[in-house]
Amino acid sequence: MKIFSAQQIYQADKFTMEKQQITSDVLMEQAATKLFEWIHSRLRGTSVNIQLFCGIGNNGGDGIALARHLQEHDYSIKVHVVNYSEKRSKDFLLNLERLKDRKIWPDFINEESGFPEISPNDIVVDAIFGIGLNRSPDDWVGQLIAHINASQAFVLSVDIPSGLPTNRAPWDPDYVIEASYVLSFQVPKLAFFLPGTGVYVNQWEILDIGLDPEFLNGEEVAYELIGKPELWPLYKPRLKFSHKGTYGHALMVGGSHGKIGAVQLASNACLTSGAGLVTVFVPQCGYHSLQTALPEVMVLTDKEHDFITEVNMPFVPETVGVGVGIGTNEKTITAFKNLVKYFKEPMVVDADGLNILALQPKLLKDVPALSILTPHPKELERLIGAWKDDFEKLEMAKAFSTKHDIVLVIKGAHTVTVYKDKGYVNTTGNPGMATAGSGDVLAGVLTGLLAQGYEPLHAAVFGVYLHGLAGDISASQKGYEALKASDIVGNLGEAYKQLLSPPETENAERE
Ligand SMILES: NC(=O)C1=CN([C@@H]2O[C@H](COP(=O)(O)OP(=O)(O)OC[C@H]3O[C@@H](n4cnc5c(N)ncnc54)[C@H](OP(=O)(O)O)[C@@H]3O)[C@@H](O)[C@H]2O)[C@@H](O)CC1
Ligand SMILES: Nc1ncnc2c1ncn2[C@@H]1O[C@H](COP(=O)(O)OP(=O)(O)O)[C@@H](O)[C@H]1O
Ligand SMILES: [K+]
């Protein structure tokens with residue numbers, strides 16, 4: 001699903017009005033009708049106080065139009081206009097008149113007036129600011145927002161939590177609505193998925209307000225939200241007359257004394273994600289445990305006992321995954337240097353492999369083009385430097401990817417894969433995956449997909465989704481706390497099955 005910028009949403013608006021020969025208030029009415037239907041289908045006339053806080057722009061206009069629908073269906077409503085500017089929008093004013101025609105009189109909140117009482121049992125509709133927010137809310141508006149946040153009422157935000165900008169961090173973190181639920185028009189907003197701004201969005205849903213499909217389909221976007229439909233075309237089916245050679249030979253290089261588990265998890269994940277053959281290269285201390293734990297993988301060892309000093313390959317693998325548990329011993333750094341120089345195909349670099357690159361950025365020019373780097377936030381910072389907010393981080397990541405021609409997988413609650421000027425936002429995964437080794441599993445999955453011939457960008461987007469889905473299945477079996485990285489490996493097969501099953505089958509299975 002495409003993620004549009006605010007500017008693109010305004011363009012979609014304009015295009016729709018011109019093509020469909022409708023005025024902007026018709027679009028607002030469509031939006032308000034969708035909001036009303038969503039609420040009504042859940043409340044079904046329940047007697048509950050609904051307090052609507054409406055700004056003076058089009059987001060406020062949506063709220064005012066929604067109030068009219070709610071009143072027509074006998075809901076108990078109270079409408080507050082948050083009077084933060086004299087510049088009221090045309091459609092806000094039109095809907096205010098329509099409200100007054102029905103003898104509904106909002107109260108006007110301004111700098112001097114107090115704030116209305118909000119009971120924890122009320123429902124608050126937050127329509128103060130939408131995507132037009134372009135500066136910090138005034139202090140009194142920020143305090144009203146804080147007052148709503150403190151109320152413990154269910155807060156339903158229209159389009160976006162008020163006070164949350166679409167393209168930067170909030171000016172003041174307390175001046176943003178902490179939404180219980182966001183009903184966002186037509187397209188999700190990038191801010192919903194980033195760690196600094198996603199915290200204001202508990203749950204979200206898209207309402208189709210009828211923006212023109214021709215525009216939506218044709219527009220190039222900077223970010224895409226990745227769900228099952230985006231993955232299906234990337235999948236490479238297993239062929240009847242295939243053999244293990246068809247699915248590639250992967251080499252996993254990693255491990256050091258006390259960190260053999262990392263490479264064990266990664267190589268197990270590599271094999272389980274479908275690689276035909278997996279060889280592991282470890283220091284000697286890893287030999288016995290690997291041979292015992294994973295009879296399916298082949299093991300090569302370094303001449304050194306505790307860490308890797310030179311990667312000798314008696315064969316040419318399809319791809320290499322390097323870095324998990326490898327450490328940063330001087331000799332290991334030399335081995336890493338030689339490996340990236342010698343190997344010419346896209347590879348996966350994780351963990352200490354990334355730290356070595358951060359220590360010696362000159363090595364980046366030797367990393368094969370289209371390799372996949374999988375940093376968590378700290379490793380990313382070491383690689384690309386500090387950022388001011390998540391939005392700047394993504395811009396810096398795009399510049400880094402473009403400069404070095406590599407695929408960057410920025411791990412997090414919503415992992416974002418960046419290649420050149422485009423980002424792919426993942427939708428699977430859960431806090432149970434915040435556990436030792438889950439990143440090693442991802443490195444293994446991505447290496448396994450590269451071995452099978454997936455294009456590097458496809459491998460990254462597909463693998464990140466699959467890994468998160470396996471994590472979600474694991475969480476459903478074990479709960480968040482008990483989830484371990486090895487559970488994620490164990491559920492990769494089920495993740496493939498769920499990913500590939502049509503929606504009906506999946507529902508039937510759940511029932
Ligand atoms: N296609 C769609 O999706 C549709 C979208 N629709 C709805 O429209 C919403 C966008 O509406 P909007 O453009 O009128 O902006 P909104 O957020 O209401 O702000 C109002 C104005 O406030 C101002 N302002 C900004 N920051 C400020 C501040 N800190 N303190 C004080 N003032 C501030 C700024 O004006 P300025 O003063 O800068 O000229 C701004 O224009 C969108 O979220 C959705 O709900 C639907 O109706 C139908 C179709
Ligand atoms: N809160 C979370 N929600 C979803 N996924 C998460 C969360 N926390 C961590 N993950 C995922 O778990 C993995 C953690 O990787 P990493 O930090 O490298 O762990 P490790 O170094 O222990 O292997 C990443 O794929 C990340 O996206
Ligand atoms: K809002």
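Guide: Helices here are DSSP runs of H or I, at least four residues long, numbered from the N terminus. The model is predicted.

Visitor: Which helix gives the most to the shell around ligand 1?

Guide: Several helices take part. α1 (6–20), α2 (24–43) and α3 (58–72) each supply at least two residues of that shell. With five residues, the helix that gives the most is α3.

Visitor: Which residues come nearest to ligand 1?

Guide: The shell holds 33 residues. They divide into 14 nonpolar, 13 polar and six charged. Those that come nearest to ligand 1 are Gly 57, Asn 58, Asn 59, Gly 130 and Gly 132.

Visitor: How many residues of α3 are buried?

Guide: Buried means 20 or more other C-beta atoms within 10 Å of a residue's own. Of the 15 residues of α3, the number buried is 11.

Visitor: What span does α3 reach from its first C-alpha to its last?

Guide: α3 has 15 residues. At 1.5 Å a residue, 21 Å is expected. The span of α3 is close to that, at 21 Å.

Visitor: Which residue with a positive phi follows α3?

Guide: The phi in question lies near 65°. The residue that follows α3 with this positive phi is Asp 74.

Visitor: Is Leu 99 buried or exposed?

Guide: Leu 99 sits in helix α4. Beyond its neighbours within four places in sequence, Leu 99 is in contact with Ile 64, Ala 67, Arg 68, Val 79, Ile 104 and Pro 106. Because 20 C-beta neighbours lie inside 10 Å, Leu 99 counts as buried.

Visitor: How far apart in space are Leu 99 and Asn 312?

Guide: In sequence, Leu 99 and Asn 312 are 213 residues apart. In space, C-alpha to C-alpha, the distance between Leu 99 and Asn 312 is 77 Å.

Visitor: Why is strand β5 (residues 123–127) largely enclosed by the rest of the structure?

Guide: Side chains in a regular strand alternate between the two faces of the sheet. On one side of β5, Ile 123, Val 125 and Ala 127 are buried; on the other, Val 124 and Asp 126 are buried too. β5 is largely enclosed because five of its five residues are buried.

Visitor: Which residue of β5 is the bridge partner of Leu 52?

Guide: Strand β2 (residues 49–54) runs parallel to β5, joined by five bridges. In β5, the bridge partner of Leu 52 is Val 125.

Visitor: Which residue of β6 is the bridge partner of Ile 123?

Guide: β5 and strand β6 (residues 154–158) run parallel, with four bridges. The chain passes from β5 through helix α5 (residues 139–150) to β6 in a right-handed β-α-β crossover. In β6, the bridge partner of Ile 123 is Phe 154.

Visitor: Which strands stand at the edges, each with a single partner strand?

Guide: The open sheet has 11 strands and mixed pairing, in the order β1-β9-β18-β17-β16-β15-β14-β13-β10-β11-β12. An edge strand has a single partner, so one side is left without a neighbour in the sheet. The edge strands are β1 (2–3) and β12 (298–301).

Visitor: Which residues are closest to ligand 2?

Guide: 16 residues surround ligand 2. They divide into six nonpolar, eight polar and two charged. The closest are His 376, Ala 413, Gly 429, Ala 434 and Gly 439.

Definitions and conventions
Residues numbered from 1 in each chain as written. Chains lettered and ligands numbered in written order. Predicted model: local features only at pLDDT ≥ 70, side-chain atom pairs only at ≥ 80, totals over all residues. Buried ≥ 20, exposed ≤ 12 C-beta atoms within 10 Å, placed from the backbone. Pairing = 2+ DSSP bridges. Right-handed = clockwise from strand over helix to strand, strands pointing away. Near = placed C-beta within 6 Å. Nonpolar A, V, L, I, M, F, W, Y, C, P; charged D, E, K, R; others polar. Expected span 1.5 Å × (residues − 1). Contact = placed C-beta atoms within 7 Å.
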